[in-house]
Amino acid sequence: MKAKANLLIVNARLATLAGYSEKPQRGSDFGNLRLVDNGAVAVAGDSILAVGPIEAVAREVDIGAAQVVDAGGRLVTPGLVDPHTHVVHSGSREREYNLRLQGTPYIEILKAGGGILNSVASTREASLTDLVAQTNKSLGRMLAFGVTTVEAKSGYGLDLATELKMLQAVQILNLIQQVTLVPTFMGAHAIPEEYKDKSDEFVDIVIQEMLPAIKDLALFCDVFCEDHVFSIEQSRTILRAAQDLGLGAKIHADELAPTGGAQLAAELGAVSADHLLCTDALGIEALANSNTVAVLLPGTSFNLMTGRYAPAREMLAAGVAIALSTDYNPGSCPTENLQLIMTLGCLKLGLTPAQVLAAVTINAAHALGLGSAIGSLEAGKQADLVIFDADNEAYIPYHFGINHSWMVVKSGCIVYQN
């Protein structure tokens, strides 16, 4: 007996990205969209039943009672995945904007109580209800842009109570709205003022107090591995302790200098190494020889006006698996628009439209350890998909700054329609 579909999308140009559930795309495979013209996707409940030409899908599946969506020749892709965000926070930092435009160094902004310390103070003061409400607003925007899965970091607490509060907000949000949040603990985001010049003491607190308390609320642990933040050895110690508790590793690496963060990510088997603006040849080689995904964040470079972007073409030539993300946060990249990041991926990183689409779908899924569940249109995977108001992948980054989503389906349900 044929399985019955309850949702059927027809007359679609499918970018399935099928065949990469075990490993991300890299090298000459990067950007292989596995296109199907005049395609269809059949859905039952929250899962994909069948994908392919309409005739083949109709043979496989009972579509008699299904709700039919005519895509009108539009491009249908997997739901977009944003694998690096600081979406849970309180307040905003637009008061620093003019200072940055005038060239005020970040360290001066920090000394004046701005920068990350501003967000820490605001988030510590916020109630759990306030955090949930502000984050929910951002997630609604992300969903409208076609983003169906988002990594959400803590890290604006830098104390146990606030880090717990942030992760509890993620837990609540996963119950009350449609975007799937993947929780990451980042208590080692910065050294708090109360531990200035006592970073080793703070590392001990992260390991001995914070990690045991949050281990059931997070899937990953991230560290800002950088000069004047957490050293290679401190980062290694924190991440190994996290792995011992069953958490996966992620690293903010080589953003300001080639400190060896990429090599550490490869050494630890981290699911991703992120930022990587300054990664050198040794770091690129280490990533190429590992399963760690390089998550690049061109929106941050763009907003900070640094003029420096991650060496994406060199990474690609070496065989590094690349994903893209917004790095949404209140300071260095306050945007929820992953489609805009796709444009920057083309213009600033030198990637093709097909490559940036792969970078925000299947490769981004692998950057969260979820490549077997999401990121492509294949039978058995979660029914997360986007119908774009375009008939080809190039139109999305080409026509920049607007929302191209025509319809978003999350777990088999239509959750947005333009």
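**Exercise 1.** Between which two strands is the loop that holds Arg34 found?

*Solution.* A word on the model comes before the steps. This is a predicted model, in which local features need pLDDT of at least 70, side-chain atom pairs count only at pLDDT 80 or more, and totals for chains, interfaces and linings use all residues. Residues are numbered from 1 along each chain as its sequence is written, and side-chain values use heavy atoms, with hydrogens and water left out.

Step 1: Arg34 sits in the loop between strand 2 (7–15) and strand 3 (35–44). Strands here are DSSP runs of E with at least two residues, helices are runs of H or I with at least four, and both are numbered from the N terminus.

Step 2: look at the backbone. The phi of Arg34 is near 50°, a positive value in a residue other than glycine.

Step 3: check the surface. Arg34 has 38% relative accessibility, so it counts as partly exposed. The cut-offs are under 20% relative accessible area for buried, over 50% for exposed and in between for partly exposed, with a 1.4 Å probe and protein chains only.

**Exercise 2.** Find where His275 lies, and decide whether His275 is buried or exposed.

*Solution.* Step 1: His275 belongs to strand 13 (residues 272–275). Step 2: its phi is near 85°, again a positive value in a residue other than glycine. Step 3: with a relative accessible area of 2%, His275 is buried.

**Exercise 3.** Work out how helix 8 and helix 9 are arranged and which residues make their contact.

*Solution.* Step 1: take the axes, which are lines fitted to C-alpha atoms, for helices over the stretch in contact, with angles from 0 to 180 degrees between N-to-C directions. The axes of helix 8 (residues 232–244) and helix 9 (residues 261–268) come within 11 Å and cross at roughly 25°.

Step 1: name the arrangement. Helix 8 and helix 9 are therefore roughly parallel to each other. Angles under 35 degrees count as roughly parallel, over 145 as roughly antiparallel, 65 to 115 as roughly perpendicular and the rest as oblique.

Step 2: list the contact, meaning heavy atoms within 4.5 Å. Helix 8 contributes Ile232, Ser235, Arg236, Leu239, Arg240 and Gln243, while helix 9 contributes Gly261, Leu264, Glu267 and Leu268.

Step 3: sort by class. The contact of helix 8 with helix 9 has 4 nonpolar, 3 polar and 3 charged residues. In this scheme Ala, Val, Leu, Ile, Met, Phe, Trp, Tyr, Cys and Pro are nonpolar, Asp, Glu, Lys and Arg are charged, and the others, Gly among them, are polar.

**Exercise 4.** Which residues are in contact with Ala188, leaving aside its neighbours within four places in sequence?

*Solution.* Step 2: its relative accessible area is 1%, so Ala188 is buried. Step 3: with those neighbours left aside, Ala188 is in contact with Asp222, Val223, Phe224, Phe230 and Ile238.

**Exercise 5.** How many disulfides does a search of the whole structure find?

*Solution.* Step 1: recall that a disulfide is a covalent bond between the sulfur atoms of two cysteines. The search asks for a pair of cysteine sulfur atoms within 2.5 Å. Step 2: across the whole structure it finds 0 disulfides. Step 3: for Cys333, the nearest cysteine sulfur is that of Cys346, 16 Å away. Step 4: compare surroundings. Cys333 counts as buried at 3% relative accessibility, whereas Cys413 counts as partly exposed at 46%.
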